[in-house]
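This briefing walks through selected features of the structure shown below, grouped by topic. Please read it with the sequence and the coordinates at hand.

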Amino acid sequence: MPRAAAPVPADSEEARSAAHAAALRLVAGREMSVARLRERLLARGFPGEAVEEVVARLTSAGILDDRRAAQAAARTLVTVRRRGRHRVGRELEQLGFAKDLARDATQAVLADADERAVLDKVVAAKLRGRRAIPDPPAYRRLFGTLLRRGFPAALIRAALRPFWGHAAEPVDE
């Protein structure tokens with residue numbers, strides 16, 4: 001059962017100290033964006049002034065670094081969660097990273113990890129050992145699943161081609 005958060009002290013100096021301690025506990029577990037940390041501290045009821053001071057202090061100490069946090073999150077999304085470039089960018093933006101920072105982190109991670117290899121692993125898992133996609137509806141379902149995971153359509157077509165026994169991609173009648 002999670003521990004209840006301690007009440008925010010009324011004294012401003014004690015509130016700053018408590019906000020700093022809470023921030024350190026939050027970032028100890030994993031990398032976090034400045035925006036996300038700010039949001040979490042404000043949600044716990046810390047005064048905005050104390051939150052801004054703590055964020056500035058942790059940023060200047062190098063504990064908070066949006067670039068490093070974005071790359072760590074992108075690496076996890078690609079290698080562990082097996083997401084494609086489009087979905088990684090969207091999820092990084094939802095985590096509070098700027099659009100250009102999310103794009104740069106995604107590109108940096110995909111330079112190291114082969115997106116096609118990640119896609120091939122997802123396709124193999126979805127096919128569960130089958131050697132072929134049985135029919136056009138199954139192809140469309142798999143294609144849609146992979147699109148929602150954020151992989152580019154051209155890359156999906158190339159990955160599915162060996163499993164589709166027909167000359168062309170299925171079309172809607």
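Arg128 lies in the loop between H7 and H8, in what is a predicted model. The phi of Arg128 is near 50°, a positive value in a residue other than glycine, and with 72% relative accessibility, which is over the 50% cut-off, Arg128 counts as exposed.

**Backbone in the loops**

- Arg82, which is placed in the loop between H4 and H5, likewise has a positive phi, here of about 55°, although it is not a glycine.
- The relative accessibility of Arg82 is 30%, a value between the 20% and 50% cut-offs, and Arg82 therefore counts as partly exposed.

- In H9, the buried residues are Ile156, Ala159 and Leu160; seen down the axis of H9, they fall within an arc of 90°, so they line one face of the helix.
- An α-helix has 3.6 residues a turn, so residues three or four places apart point the same way.
- H7 and H8 are among the elements that cover the buried residues of H9.

**Nonpolar cores**

- The largest nonpolar core has 31 residues, and the members that touch the most other members are Leu92, Ile133, Leu146 and Leu160.
- Two or more residues of this core come from each of H4 (66-79), H5 (85-94), H6 (99-112), H7 (115-127), H8 (136-148) and H9 (153-160), and H4 gives the most, with six residues.
- Leu92, if residues up to four places away in sequence are not counted, touches Ala70, Ala73, Ala74, Leu77, Phe97, Ala102, Ala105 and Thr106.
- There is also a second, separate core of 15 residues, whose members include Leu26, Leu37, Val55 and Leu58.

**H1 and H3**

- Helix H1 (residues 12-29) and helix H3 (residues 48-60) have axes that come within 9 Å and cross at roughly 50°, which makes H1 oblique to H3.
- H1 passes H3 in a right-handed crossing, and the contact is made by Ala15, Arg16, Ala19, His20, Ala23 and Leu24 of H1 together with Glu49, Ala50, Glu53, Val54, Arg57 and Leu58 of H3.

**Ala22**

- Ala22 has its place in helix H1, and at 1% relative accessibility, which is under the 20% cut-off, Ala22 counts as buried.
- Leaving aside neighbours within four places in sequence, Ala22 is in contact with Leu41, Arg44 and Phe46.

Key
Residues numbered from 1 in each chain as written. Predicted model: local features only at pLDDT ≥ 70, side-chain atom pairs only at ≥ 80, totals over all residues. Heavy atoms only, no water. Core = buried A, V, L, I, M, F, W, Y, C linked by side-chain atoms within 4.5 Å. Buried < 20%, exposed > 50% of the residue type's maximum accessible area, 1.4 Å probe, protein only. Helix = DSSP H or I, 4+ residues; strand = E, 2+ residues; numbered from the N terminus. Contact = heavy atoms within 4.5 Å. Arc of directions from axis to C-beta. Axes fitted to C-alpha atoms, helices over the stretch in contact; angles between N-to-C directions. Parallel < 35°, antiparallel > 145°, perpendicular 65-115°, else oblique. Left-handed = near helix turned anticlockwise from the far one by under 90°.
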